Amino acid sequence: DWVTVAKLTGSFAALVVLVEPLGWPIAATILFAGSAWALGARPWWRPAMVGAVLALLIQVVFTQLLGLFLPAGPLEGVRFLG
């Protein structure tokens, strides 16, 4: 299904373009929600919420436990996000 492949490719391209200006949490949320939407998840807001929680969890794990800093974008001022 080429439409699904195009949607998945667009979601990944959005991550690549948006990770620097918007930061990891927002860009990864868009990637997760876009990928879930491309694969048939409905309603759209449910995978967006799950993606946001997972992206923030990954940000905290990388920052606090591993000492590696992913771009936080506009969330840079939040202490535990780096």
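Visitor: In which helix is serine 11 found?

Guide: Serine 11 lies in helix H1, residues 2-22. Do keep in mind that this is a predicted model.

Visitor: Is serine 11 buried or exposed?

Guide: Buried means under 20% relative accessible area. Serine 11 has a relative accessible area of 7%, so it counts as buried. Leaving aside residues up to four places away in sequence, serine 11 touches Leu31, Gly34 and Ser35.

Visitor: What is the overall secondary structure of the chain?

Guide: The chain has 3 helices and 0 strands, and from the N terminus on its elements run α-α-α. Its C-alpha atoms fill a box of roughly 40 × 25 × 20 Å along the principal axes.

Visitor: How many residues does the chain have, and what percentage of them count as buried?

Guide: There are 82 residues, and 28% of them count as buried. The accessible surface of the chain is about 5,300 Å², with 77% of that belonging to carbon and sulfur atoms. As for contacts with a separation of 6 or more, 43% are between residues 24 or more positions apart.

Visitor: Let us go back to H1. How does its span agree with its number of residues?

Guide: At 1.5 Å a residue, the 21 residues of H1 should span 30 Å, and the end C-alpha atoms are 28 Å apart, which agrees. H1 also has a kink of about 30°, centred on valine 16.

Visitor: Which residues of H1 are buried, and what covers them?

Guide: Thr4, Ser11, Ala14 and Leu15 are buried in H1. The cover over the buried residues of H1 includes H2.

Visitor: How should I read the buried residues of H3?

Guide: Start with the general idea: an α-helix has 3.6 residues a turn, so residues three or four places apart point the same way. In H3, the buried residues are Pro47, Ala48, Gly51, Ala55, Gln59 and Thr63. They cover an arc of only 120° around the axis, which puts them on the same side of H3. These buried residues of H3 pack against H2.

Visitor: And which exposed residues are on the face of H3 turned away from its buried side?

Guide: That face carries Met49, Val53, Leu57 and Leu65, which are exposed. For the span of H3, 22 residues at 1.5 Å a residue should give 32 Å, and the end C-alpha atoms are 30 Å apart, which agrees.

Visitor: Which residues make up the largest nonpolar core?

Guide: The general idea is that in soluble globular proteins, nonpolar side chains tend to be buried together. Here the largest nonpolar core has 5 residues: Leu15, Trp24, Ala27, Ala28 and Ala55. Helix H2, residues 24-38, gives the largest share of this core, 3 residues. Within the core, alanine 28 touches Leu15 and Ala55, not counting residues up to four places away in sequence.

Technical notes. Residues numbered from 1 in each chain as written. Predicted model: local features only at pLDDT ≥ 70, side-chain atom pairs only at ≥ 80, totals over all residues. Heavy atoms only, no water. Core = buried A, V, L, I, M, F, W, Y, C linked by side-chain atoms within 4.5 Å. Buried < 20%, exposed > 50% of the residue type's maximum accessible area, 1.4 Å probe, protein only. Helix = DSSP H or I, 4+ residues; strand = E, 2+ residues; numbered from the N terminus. Contact = heavy atoms within 4.5 Å. Areas by Shrake-Rupley, 256 points an atom, 1.4 Å probe, with all protein chains shown as cover. Expected span 1.5 Å × (residues − 1). Arc of directions from axis to C-beta. Bend = angle between axes of the 7 residues up to and from the residue.
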